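Colleague: I have a model open on my screen and I'd like to learn how to read it. Please take me through it feature by feature.

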Amino acid sequence: MSKTAFIFPGQGAQYPGMAKDFYDTFSVCRQVFELASQAGGLDVAELCFTENDRLNITEYTQIAMLAAEIAMWKAVEEKGFQADVAAGLSLGEYGALALSGAMSLEDIFATVRKRGIFMQEAVPVGGAMTAVLGLDAVVIEEICKNTPGQVSVANYNCPGQIVITGEEEAVSLASEKLTEAGAKRLVPLKVSGPFHSPMLREAARKLGQQLASVEVYDIGVPYLSNVTADYVKDKSQIKELLEKQVASPVKWQQSVERMINDGVDTFVEIGPGKTLSGFMRKISRNVRVLNIEKIEDLEKLSC
């Protein structure tokens, strides 16, 4: 039986004007932005739709990206399209969480606003991330393990693309070893810190405290955790997994492979850019991949 997954991208795909056509067209999308503004204590529409320096600063990026993604998803839903399963990369996991119905949108926006602040505050001086292209995961893991200092895998994006994270010196040293081991290319990422590294444990701890008072509900639409690359089986797991996610590797390729093994044959990326669609083509060419970024993209839907 055919299954459809809605998937949500993470930080880095943001740009001024994202989701504005949805905002201008659908009242349900405007309501999402109003809710995000109330929960986050700032004007999220202004943040998303105008040229500004804040959009690329983590503490602002996260709530802006999520508001855009959830607004787009609400438009998709209003058109009558539903998902059988959901997943998101890093920040995008909160889009999947919203779709699952396991937490209110108010609480999700308030949590993500705090998550961005905690991650920004916890960023140590001298952190770095680098994408490693064309090298096997086992080799990368082994080199990171044997490199002095803090360096580890941040993202398993797709075959041939893994991101490492950690102390700048350790990432640089590991990069030299990875080049010697046959990596086709290494691309230093323009990020403000070593995300998904144990160096962000303090941010994870604070997020856990923030989540302590948040109410969770039964999971409606199944969704996958970045930490386990598996379905979140019970609502009692949600808070712990979200806390761990901040300082743990994102198992995106494994999550997609899990969904495909479970019968998902259509993936709909909802949000700015086409990052996940690009990853999908490298993970499997036997599935249908669509992306929803502009109003006209809604015409693609027939799932």
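This is a predicted model: local features need pLDDT of at least 70, side-chain atom pairs count only at pLDDT 80 or more; totals for chains, interfaces and linings use all residues.

Modeller: Let's begin with Gly 263, which counts as partly exposed because its relative accessibility is 27%. Numbering runs from 1 along each chain as its sequence is written, and side-chain values use heavy atoms, with hydrogens and water left out.

Colleague: Where does Gly 263 lie, and what is Gly 263 in contact with beyond its neighbours within four places in sequence?

Modeller: Gly 263 sits in the loop between H11 and E9. Those labels are DSSP runs numbered from the N terminus: helices are H or I with at least four residues, strands are E with at least two. Contact means heavy atoms within 4.5 Å. Setting aside neighbours within four places in sequence, Gly 263 is in contact with Met 1, Ser 2 and Lys 3.

Colleague: How do I read the protein chain as a whole? What does its secondary structure come to?

Modeller: Count the elements and then check the overall size. Here there are 12 helices and 10 strands. The radius of gyration is 18 Å, close to the 19 Å that the globule rule gives for 303 residues, so the chain is as compact as a globular protein of that length. That radius is taken over C-alpha atoms, and the rule is 2.2 Å times the number of residues to the power 0.38. Along the principal axes, the C-alpha atoms fill a box of roughly 55 × 45 × 40 Å. Of the 303 residues, 56% count as buried. Among contacts with a separation of 6 or more, 73% come from residues 24 or more positions apart.

Colleague: Now a helix. Which residues of H12 are buried?

Modeller: An α-helix has 3.6 residues a turn, so residues three or four places apart point the same way. In H12 (residues 275–283), the buried ones are Leu 276, Ser 277, Phe 279, Met 280 and Ile 283. Seen down the axis of H12, they fall within an arc of 160 degrees, so they line one face of the helix. The arc is that of the directions from the helix axis to the C-beta atoms. The cover over these residues includes strands E1 (3–8), E4 (151–158), E5 (161–167), E9 (264–270) and E10 (288–292), along with helix H11 (252–261).

Colleague: Which residues of H7 are buried, and which exposed residues does the face turned away carry?

Modeller: In H7 (residues 137–145), Ile 140, Ile 143 and Cys 144 are buried. Their arc, seen down the axis of H7, is within 100 degrees, so they line one face. Turned away from that buried side, you'll find the exposed residues Val 138 and Lys 145. What covers the buried residues of H7 includes strand E3 (127–133), E4, E5 and helix H8 (168–180).

Colleague: What do the buried residues of H9 pack against?

Modeller: First, pick them out: Ala 203, Ala 204, Leu 207, Gly 208 and Leu 211 in H9 (residues 201–211). They cover an arc of only 145 degrees around the axis, which puts them on the same side of H9. They pack against H5, helix H6 (105–122) and helix H10 (238–245).

Methods:
Buried means under 20% relative accessible area, exposed over 50%, partly exposed in between (1.4 Å probe, protein chains only).
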